[in-house]
Amino acid sequence: MANRRLSGFTSFLIPGISSLLLFQTLKSQPLPSLKETFKSNFLIGAAVNVQQFEGKDSAANRVIAQQFNTVTPENIMKAEIIQPGWNVYRFDYADELVAYAQKNNLKINAHTLIWHSQLPAFMQHMQDPDSVRKYFVDHINTVAHRYDGKVFSWDVVNEALNEDGTLRNSIFLQKLGPNYIVEAFRLTQKAAPNTKLYYNDYNIEQPKKRAGAIAIIKSIQSAGVRIDGVGIQGHWNARNVPLQDIEESIKEFSALGIEVMFTELDLGVLKNPWDNNTADVNAKADSKENMNPYAGGLPDSVQNIQSKAYEDLFKLFLKYDKNVSRVTFWGVNDGQSWLNNWPIRGRTNYPLLFDRHFQPKEAFYKVISTKAE
Ligand code: G3I
C-alpha cells in the first residue's frame with residue numbers, strides 16, 4: 001500500500017510512465033490549488049475547527065491558505081457554544097475566526113442560527129412558547145447582528161425537514177408553529193442586511209425531501225422575505241453518489257432564482273449499519289469489528305472508486321457552474337473528519353481530498369483534472 005498514491009496517478013495522468021519518474025515529476029511541480037483551479041466557477045471551502053483558526057495546526061493552516069477561499073466553522077457558531085446560558089454569549093471563538101478569515105482572505109459561511117440539534121441545555125426542554133420565542137428572537141438578533149459585515153453568509157435554518165419532506169418535529173415547530181422558518185429569515189434579514197441567507201439540509205437532493213425544501217423556499221419568497229441560496233450538504237457514500245438526483249436538484253432549486261451550494265461535502269468509504277445515507281448526528285450504532293475494514297490503510301480499489309466519484313461530481317458541478325456558487329468540504333483532512341466517529345466511534349474513514357498527513361489524494365488530482373477537460 002506504500003505506493004498507493006503513485007499507482008493511482010499513473011492510471012490517469014501519464015499512462016505508461018514509471019512510478020519513480022512520475023513521483024519525481026509530481027514532487028518538482030507546485031501543488032495545484034483548488035481555489036485557483038475553480039476561481040471562475042465557484043468558491044471552494046472547508047469546515048474548520050478551533051485548532052485550525054487559532055493557528056495551532058500549521059499543516060492544516062498551510063493547506064487552508066493554499067487551497068480554499070471560504071471556510072465554515074464546524075461547531076463554534078452553533079447555539080450551544082455561542083449562547084451556552086440564557087443571554088450568556090461566548091463570542092471569543094467566533095471573533096477569532098473572523099480575524100483568521102480576514103488575515104487569510106477567506107469568506108465565512110456562518111453555521112448555523114436555528115437548528116434543532118446542539119441546542120443549549122437551558123432551552124432544550126422549554127415548555128413555554130413565549131420563552132422559546134424570546135430565545136429565538138434574541139438569539140437571531142444578537143448573533144446575526146454582531147457578525148453582519150464580518151461573515152459572508154448564514155445558514156439561517158439547518159435541517160428542518162424529515163426524509164419524507166414534512167417538517168421535523170423540533171422544539172421550534174412545536175412551540176412556534178410552521179411559520180418559524182419564514183420568521184427566522186425575516187429576523188435575520190433585518191439583523192444582518194449585508195449577509196447572504198441560506199437554507200441548509202442533508203438529503204435534499206432526494207425527491208421527497210427536495211419537494212419539502214422547495215416548499216420552504218417558496219414560502220419564504222412568497223412572504224416577501226429574502227433567501228439567497230440553498231445548501232445541499234453532500235454527506236454521501238463514495239460507492240453511491242446520487243448524481244441524477246443531484247443534477248435534478250440543481251435544476252429545480254436554481255429555477256427558484258437562488259444559488260445552489262454543496263456545503264458539507266464528504267464521500268465516506270465505510271458502510272453504515274443502515275442504508276439511508278442519513279447525516280442525522282443523533283443516529284448512533286454499536287462498534288463492530290467488520291465495520292472498520294480499512295484501519296490499516298485504504299486499498300487502491302476503494303481509493304479508485306472514491307476518486308471516480310469525486311471526478312463525476314465535479315464534472316457535474318462544472319456543468320452547472322452558473323448555478324453552483326460554492327463547494328465546501330466538511331473538514332480539511334481525513335483524520336479530522338466527523339465520519340471517523342459517526343455513526344460508530346473510532347473508525348478510520350477517508351472521506352476528503354487530503355490524507356491524514358495532509359498529502360493530496362488521488363481524488364484531489366481527479367478533481368483538479370476535471371477543469372482541464
Ligand atoms: O468539544 C467537546 C469536547 O470537550 C468533549 O470532550 C467531547 C466528548 O465527546 O465532545 C466535544 O464536542 C464534540 C464536538 O463535535 C466537537 O468535536 C461533540 O461531542 C460532537 O457531537 C460534535 O460533533 C459535531 C456534530 O456536527 C454535532 O454538532 C461534528 O464535529 C460536526 O462535524 C457535525 O457537523 C454537522 C453539521 O453541523 C450539520 N450537518 C451534519 C454535520 C455532520 O453531523
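Select Arg-90 and Tyr-93: Arg-90 lies over the face of Tyr-93, 4.3 Å from the ring centre. A charge sits over a ring here if NZ of Lys or CZ of Arg is within 6 Å of the ring centre and within 35 degrees of the ring normal. For another case, pick Arg-356, whose charged end is over the ring of Tyr-350 at 4.9 Å from its centre.

A quick note: this is a predicted model, where local features need pLDDT of at least 70, side-chain atom pairs count only at pLDDT 80 or more, and totals for chains, interfaces and linings use all residues. Residues are numbered from 1 along each chain as its sequence is written, and side-chain values use heavy atoms, leaving out hydrogens and water.

Next, show Phe-68 and Phe-329. Their ring centres are 6.5 Å apart and their planes are at 55°, so the pair is tilted (Phe, Tyr and Trp rings, the six-membered one for Trp, pair with centres within 6.5 Å; planes under 30 degrees apart are stacked, over 60 edge-to-face, the rest tilted). Buried or exposed, what is Phe-68? Phe-68 is buried, at 2% relative accessibility, and Phe-329 is buried at 2% too (buried means under 20% relative accessible area, exposed over 50%, partly exposed in between, with a 1.4 Å probe and protein chains only).

Now widen the selection to Phe-38, Phe-42, Trp-236, Phe-262, Tyr-310, Phe-314 and Phe-317: along with Phe-68 and Phe-329, they form one aromatic cluster.

Last stop: Asn-41, buried with a relative accessible area of 12%. Its contacts (heavy atoms within 4.5 Å) include Leu-318, Asp-321 and Val-324.

Methods
Lists of a residue's contacts leave out its neighbours within four places in sequence.
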